[in-house]
Amino acid sequence: MVSVSLMLQYLRRTLPWLSLLAVSLLAGCSFTGKQSALDPKGPVAQVQDDLFWVTVYVNCGIFVVVAAALFYVVVKYRERPGDEGKPMPPQGHGNPLIEIGLIAASVFLLVIIAIPTLKAIWYTHELPVDEEYYEPSKLGIWYGGRVDSEAKDDILEINVYGWQWWWSFEYPQFGITSANEFAIPAGKVVKLNLRSVDVIHSFWLPKIAGKVDLMPGRKNWMWILADEPGYYYGQCAEFCGEAHAYMLFRSEVMTDGDFQKWVEAYQSGAAAPGGFQAQPDKDKPDPTAKDDWMAWSETVRKNPEAIPGDPVHEGAELFMGKAQCIVCHAIDNSPAMGQTAPNLTRLADRKSLAAGILDNTGPDGIIDSEKQLDNLYQWIAHSEDHKPGNLMYYRADAGLRNLKYTGVTFGKLQTVGITEQSLVAAGVSSALAQKISASPNAPILNVDVDSEMMTKQQLMRVMDGLTNEQFSEVSDWPTETEFRKIAAFLQTLK
Ligand code: HEC
Ligand SMILES: [Cu+2]
């Protein structure tokens, strides 16, 4: 048996190291970090923070009492020299007074925790529509005009959708949509309707409020209020798949005036590339931004020479055409109306890219346009490096990765050293490989022998190890220059 004095000796030796370890671990904690729930900036986070501390204090009290009792007993009744061979002292079993006392004390402590817990639960579950409760929170009062009269009595609502692995923020009262960054007015109650498109996510904006899950097939909601303007950092707080740790978001809290401008900018949508304008005619004496976009598309189709040959126009053409970005993305006013990816209408106004993974700002917190352009290029040309598993690249039916395997012919593959033998090595039958090599200009996946065709998996095996430059040579994968042009176009979306 290890004697108590041995244990004390051991403790004496390790205690300094243990405390050093504890202190260094705690040094990693910060009460005011970007995502610290201990630095509340709104009433919901405040209530949650208060509750946290009540629990911590009660637990500290329990710890001190229990540790002191333990220490007292261990020291007072420790084994002393000469104790060997003495009979065991009388043992006590059960003392009703102590037992009832301990039960009563536990109940008392639980009640102390339960009262503020229940209060906080009710508080966070009741939308404060009452004007005495908070500053006027109704739409009509702080956001004059632009809203139909029925909506004026409503609180600002935002439909938050969780996607693997990004966020979309829809403002039904204003008819606008943002992604990964959303704006709210300071000092006003906002109702968030939380929905998931795929798996369970969790909305957590630590300094303002948290956390509520977004569940497929279930309508959850929460209300938030941010005290002051600022830029707040949020994060998905429920494991939701491969890129979960990269599913961040931001909230820009603004003054009423700035918020109104933000909403109006989103409502006006995107301007046509390079300021392209539709010619007014008698049907449309006052062309809108949508008309400009339509005129631009028409011109690209019918009279391409009339389009200026600069990166913005070429980037827009690639976006709408060869690079297939419009399959998933929408840009308001433009022909791009995809619904399964972030809405890019005001993309260049956002301080971060791809759900907070790339930061567009300089040290002063303002968007640095060179950095932004480079981030845009990095993201669209190499998204799989920046966010492993992301569905822009990997989505099975439409992801950008597919561009690496479309438009491929055997003739082109030969230019990068791929032979008939490479096809056989990838599992293609020799009869089919022969036919493929005999038709060097046919799309490789369309060639068939006795209704056998090469599969995409086989093609992937054949092309495994090609560089991105080689992919651009032999398939529809855009070249680096083309990606840079698309980035230049995206940067005009503001
Ligand atoms: C298969 C559908 C799909 C296609 C095609 C697609 N994207 Fe995406 N895109 C996505 C998804 C999904 C995300 C969100 C990725 C993430 O953050 O996990 C995204 C994110 C982005 C973002 C970041 C948006 C933000 O709010 O930060 C940009 C910019 C972008 N895509 C541009 C493009 C361009 C340019 C193309 C064409 C070359 C393209 N996308 C093609 C699905 C697609
Ligand atoms: Cu998530």
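**Helix against helix**

Modeller: On the α2 side, Val44, Val47, Gln48, Asp50, Leu51, Val54, Thr55, Val58 and Ile62 take part. They meet Leu109, Ile112, Ile113, Pro116, Thr117, Ala120, Tyr123 and Thr124 of α3. By class, this contact holds twelve nonpolar, four polar and one charged residue. Nonpolar covers Ala, Val, Leu, Ile, Met, Phe, Trp, Tyr, Cys and Pro; charged covers Asp, Glu, Lys and Arg; polar covers the others, Gly among them.

Biologist: What should I know about the model and its labels?

Modeller: The model is predicted: local features need pLDDT of at least 70, side-chain atom pairs count only at pLDDT 80 or more, and totals for chains, interfaces and linings use all residues. Residues are numbered from 1 along each chain as its sequence is written, while chains are lettered from A and ligands numbered from 1 in the order in which they are written. Helices (H or I, at least four residues) and strands (E, at least two) are DSSP runs, numbered from the N terminus.

Biologist: At what angle do α2 and α3 cross?

Modeller: Two packed helices are described by an angle and a distance between their axes. Axes are lines fitted to C-alpha atoms, for helices over the stretch in contact; angles between N-to-C directions run from 0 to 180 degrees. Here α2 (residues 43-76) and α3 (residues 96-125) cross at roughly 170°, with axes that come within 10 Å. That makes α2 roughly antiparallel to α3. The classes are: under 35 degrees roughly parallel, over 145 roughly antiparallel, 65 to 115 roughly perpendicular, the rest oblique.

Biologist: And how do α8 and α15 cross?

Modeller: The axes of α8 (residues 369-386) and α15 (residues 480-490) cross at roughly 125° and come within 9 Å. The pair is therefore oblique. From α8, the contact takes Leu373, Leu376, Tyr377, Ile380 and Ala381. From α15 come Glu480, Phe483, Arg484, Ile486, Ala487, Ala488 and Leu490. Ten of these contact residues are nonpolar, none is polar and two are charged.

Biologist: Which residues come nearest to ligand 1?

Modeller: Cys325, Cys328, Ala341, Pro342 and Met392, out of 32 residues around the ligand. A residue is near if its C-beta atom, placed from the backbone, lies within 6 Å. Helix α8 gives the most, with three. By class, the shell has 25 nonpolar, five polar and two charged residues.

Biologist: Now the sheets. What is the strand order in the sheet that holds β1?

Modeller: Pairing needs at least two DSSP bridges between two strands. This open sheet of five strands runs β3-β2-β1-β5-β8, with mixed pairing. β3 and β8 (220-224) are the edges, each with a single partner, so one side of each has no neighbour in the sheet. From one strand to the next, the twist averages 25°. β5 (residues 190-196) and β8 run antiparallel, joined by five bridges. Leu194 stands opposite Asn220 of β8.

Biologist: What is the order in the sheet that holds β10?

Modeller: It is β4-β10-β9-β6-β7, again open, five-stranded and mixed in pairing. The edges β4 (181-185) and β7 (209-214) each pair on one side only. Its twist averages 25° per strand step. Six bridges join β9 (residues 230-236) to β10 (residues 248-254) in the antiparallel sense. There, Tyr231 stands opposite Glu252. β6 (residues 201-205) and β7 are antiparallel too, over five bridges. His201 has Leu214 as its bridge partner. Three residues separate the two strands of this β6-β7 hairpin. Helix α5 (residues 256-268) lies across β4 and β10, at about 135° to β4.

How values were computed. Two residues are in contact if their C-beta atoms, placed from the backbone, lie within 7 Å.
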